[in-house]
Amino acid sequence: MKNDKKGPQYRVNEQIRVREVRIVGDNGSSVMPTRQALDMARQQGVDLVEISPNANPPVCRLIDYSKFLYQQKKRAKEMKAKQVKQEVKEIRFGPQTDDHDYNFKLKHAKEFLEQGNKVRAYVFFRGRSILFKEQGEVLLLRFANDLEEYGKVESMPSLEGKKMFLYLSPKKAGVAKKSQQKMDRERREAEAKEAEKRSKEEAEQTTDDADESPVGGGLFANIKGGDELLKKLKGDQ
């Protein structure tokens with residue numbers, strides 16, 4: 001058994017001085033006197049390792065301590081590799097940013113949040129443009145509202161020197177909710193499409209009915225006695 005000073009420390013074998021312990025393994029768990037657990041460890045050629053000292057009684061495993069430390073390091077390394085590295089991406093605006101520039105930066109902010117990064121958006125006031133700080137605040141609030149599906153606001157716009165900051169953090173994947181504004185817009189669009197579809201179907205039905213009517217019916221349909229005129233025309237033919 002080797003004691004790895006760089007890794008987490010566990011009490012092992014005679015270092016465990018409680019009266020009894022709970023031994024866990026593939027076949028379940030059982031409580032026994034610590035002395036009995038030590039004898040079992042020696043018989044199996046392994047160590048008695050305390051893995052949960054705060055439990056009552058403390059939880060131990062019968063395992064090779066060096067192997068146990070290796071497994072712990074491997075597990076920690078795998079967890080670290082799975083962690084997404086989160087960065088803070090900056091988006092800069094002017095107090096009078098036009099729509100084209102705004103939409104361009106909005107698109108990049110969406111990508112940053114979808115990648116799991118935070119976004120720090122700010123409006124930079126140059127010179128006398130500080131007079132437009134309210135306009136800058138409105139711009140940042142609009143920005144936060146347009147990104148509601150992708151990120152959540154960590155702090156409201158705040159002025160620090162010549163910059164007004166807004167911080168957004170990404171929402172967890174699969175839990176992003178549509179804003180009420182967007183749901184209302186999609187509902188209106190769906191209703192408009194449905195109305196347009198019905199109008200088109202009614203127009204097509206009217207055309208079909210006209211095609212099935214007698215020749216010339218369209219010309220005489222609104223004339224009093226039109227049917228009689230049609231009969232006379234057909235009789236002359």
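Okay, let's start with a contact: Arg120 and Glu90 pair up in a salt bridge, at 2.1 Å from N to O. By salt bridge I mean a side-chain nitrogen of Lys or Arg within 4 Å of a carboxyl oxygen of Asp or Glu. This pair links distant parts of the chain, with Arg120 in strand β6 (residues 118-124) and Glu90 in strand β5 (residues 88-93), 30 residues apart. Helices (H or I, at least four residues) and strands (E, at least two) are DSSP runs here, numbered from the N terminus. Arg120 is partly exposed at 25% relative accessibility, and Glu90 is partly exposed too, at 41%. For those labels, buried means under 20% relative accessible area, exposed means over 50%, and partly exposed is in between, with a 1.4 Å probe and protein chains only.

Quick housekeeping. This is a predicted model, where local features need pLDDT of at least 70 and side-chain atom pairs count only at pLDDT 80 or more, while totals for chains, interfaces and linings use all residues. Numbering runs from 1 along each chain as its sequence is written, and side-chain values use heavy atoms, leaving out hydrogens and water.

Back to the charges. How many salt bridges does the structure hold? There are nine. One of them joins Arg42 to Glu14, with the closest N and O atoms 3.5 Å apart. Arg42 sits in helix α1 (residues 34-44) and Glu14 in the segment before β1, so this pair ties together parts 28 residues apart in sequence. Arg42 comes out at 48% relative accessible area, partly exposed, and Glu14 at 47%, also partly exposed.

Then there's a local one: Asp146 with Arg142, 3.9 Å from N to O. Those two are four residues apart in helix α4 (residues 133-146), so about one helical turn separates them. Going back to Glu14 and Arg42, salt bridges that share partners join them with Asp39 into one network.

Now the backbone. Most residues other than glycine have a negative phi, and most peptide bonds are trans. Asn13 isn't a glycine, yet has a positive phi of about 50°. Asn13 lies in the segment before β1 and counts as buried, at 15% relative accessibility. And the Asn56 to Pro57 peptide bond is cis, omega near -5°, with Pro57 in the loop between β3 (47-52) and β4.

On to the hairpin. Strands β7 (residues 151-160) and β8 (residues 163-170) run antiparallel, joined by seven bridges; for two strands to pair, DSSP has to find at least two bridges between them. Two residues lie between the strands, and Gly161 takes a positive phi near 70°. Leu159, in β7, has Met164 in β8 as its bridge partner. Over in β8, Leu166 is buried at 1%, and the C-alpha atoms of Leu166 and Ile91 are 9.7 Å apart, across 75 residues of chain.

Last stop, the second largest pocket. On a 1 Å grid over the protein atoms alone, a pocket is an open set of points with protein on both sides within 12 Å along at least five of seven lines, and lining residues have an atom within 4 Å of a point. Which strand gives the largest share of the lining of this second largest pocket? That's β2, with four residues. Each of β1 (20-25), β2 (28-33) and β4 (59-63) supplies at least two, and the lining includes Asp26, Asn27, Met32 and Arg61.

Note on methods. On a 1 Å grid over the protein atoms alone, a cavity is a set of points where a 1.4 Å probe fits but cannot get out, and a pocket is an open set with protein on both sides within 12 Å along at least five of seven lines; lining residues have an atom within 4 Å of a point.
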